[in-house]
Amino acid sequence: MIQINNLKKEFKQGKSNIQVLKNVDLEIQEGEFVAIMGPSGAGKSTLLQLLAGLDVPTEGEIIINNNYLHEMSERERTIFRRRNIGLVFQNYQLLPNLTVEENIAFPLHADGKSSKDKMYVITELLESVGLSDFENTKPNLLSGGQQQRVAIARALVNNPSVLLADEPTGNLDRNTAEDTLNLMTKFNHQYNQTIIMVTHDIFSAGFADRILLFKDGEVDQSISRKEENYAKYMANFMA
Amino acid sequence: MSVKYGILTLLSIHQNHGYDLKIELESLLGANVKINAGQIYTTLDRLIRDELVRLVGEDDQERKIYTIEPKGVIELTKWLLEPVPYVSTRDSFHFKWSCARKIKFDHEEKMLNQQKLVIMQDVMELTKLKTECLLNNEEDKYLLISGALLHLEADLNWIHQIENRRYK
């Protein structure tokens, strides 16, 4: 479970302080798929940065599966991130000189593990993301959708409990975006991974169990899927 | 309207009796739609009068069997090829919003916000259903739901546009 208590983040801009996050309180259950939406500057990406331990809050607590992230040193946060968090970005951020397989294995090396012992994990991931034939290909020869699938496989290689995705479908066309989100949903169900995804489009957010609308650094609305409505649609379309 | 063309559609597949047409038509329209038998028979009478359908006789259970006439096939084809006009201005929320604007309704922002939340919830539910159809290889339903989702997205974008122009 992820608990966020009274979270605040300020940035200095000239002489003044800009409050990007104000008093955010949140609880996200294990295995939940949460989409974060809201206008630019609402604090969505800042929240992901803090959850990934890439930055520290000005005030407040972040507790991920009983680990107190806000109390860790930078080194501790780095180790925690490598072992517990998968990151997916809009622009994929693959290493251009490495092959698909080497890109996926990269977090293992960074964590001091040998990719040889984990070869079966990499093979399985390549298969799950439908790229078994591309293991020796360099990223620049792949389409945007394929590159994002490599990035998702890389994010999952350490079997993290939390997957953080910042606009993962932002550069993809609709069909490719749908494939990518179906893949994320599949992993979410298969491994009970918690997914927190920042997105600007409702099409992507629709895949989540809950949508959080951010406004001016706060959670403005929380929308969950209602089972009774779901039943109504089932009846309409499944006839 | 849909009963007339629904019957023509079903009879163009094979001849049939009234009760079966009712059941198949309900399934075509979705489970929440119930058609009363009277509606089926009066429509069949009208279709016979207009020479679009013909009575061929009775089956062994003394049920009247109907079949489509060539004129009926032409009518059905014409209807299928006719593009459907955009009806969203008649949609209840569009009408409601027009009324709100007309009286300079104080709570327009709240009204828009609530509508947005309902749309988002609908999107979440339909997306889940769409994914299930994909997994079950139910291609037609998957495409129908994708179509419904595109409409919802358009509605949401429209509300965003109203909001953006309100705060300009």
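Tutor: A salt bridge is a side-chain nitrogen of Lys or Arg within 4 Å of a carboxyl oxygen of Asp or Glu. This is a predicted model, in which local features need pLDDT of at least 70 and side-chain atom pairs count only at pLDDT 80 or more, while totals for chains, interfaces and linings use all residues. Residues are numbered from 1 along each chain as its sequence is written, chains are lettered from A and ligands numbered from 1 in written order, and side-chain values use heavy atoms, without hydrogens and water.

Student: How many salt bridges does the rule give over all chains?

Tutor: The count is 17. In one of them, Glu108(B) pairs with Arg101(B), their closest N and O atoms being 3.0 Å apart. Arg166(B) also forms a salt bridge with Glu108(B), at 3.2 Å. This second pair links distant parts of the chain, helix α7 and helix α6 of chain B, 58 residues apart; helices are DSSP runs of H or I with at least four residues, strands runs of E with at least two, numbered from the N terminus.

Student: Is Glu108(B) buried or exposed?

Tutor: Buried means under 20% relative accessible area, exposed over 50%, and partly exposed in between, with a 1.4 Å probe and protein chains only. Glu108(B) is buried at 7%, whereas Arg101(B), at 38%, is partly exposed. Arg166(B) is likewise partly exposed, at 31%.

Student: Which element gives the most to the lining of the largest pocket?

Tutor: α7(B) does, with six residues.
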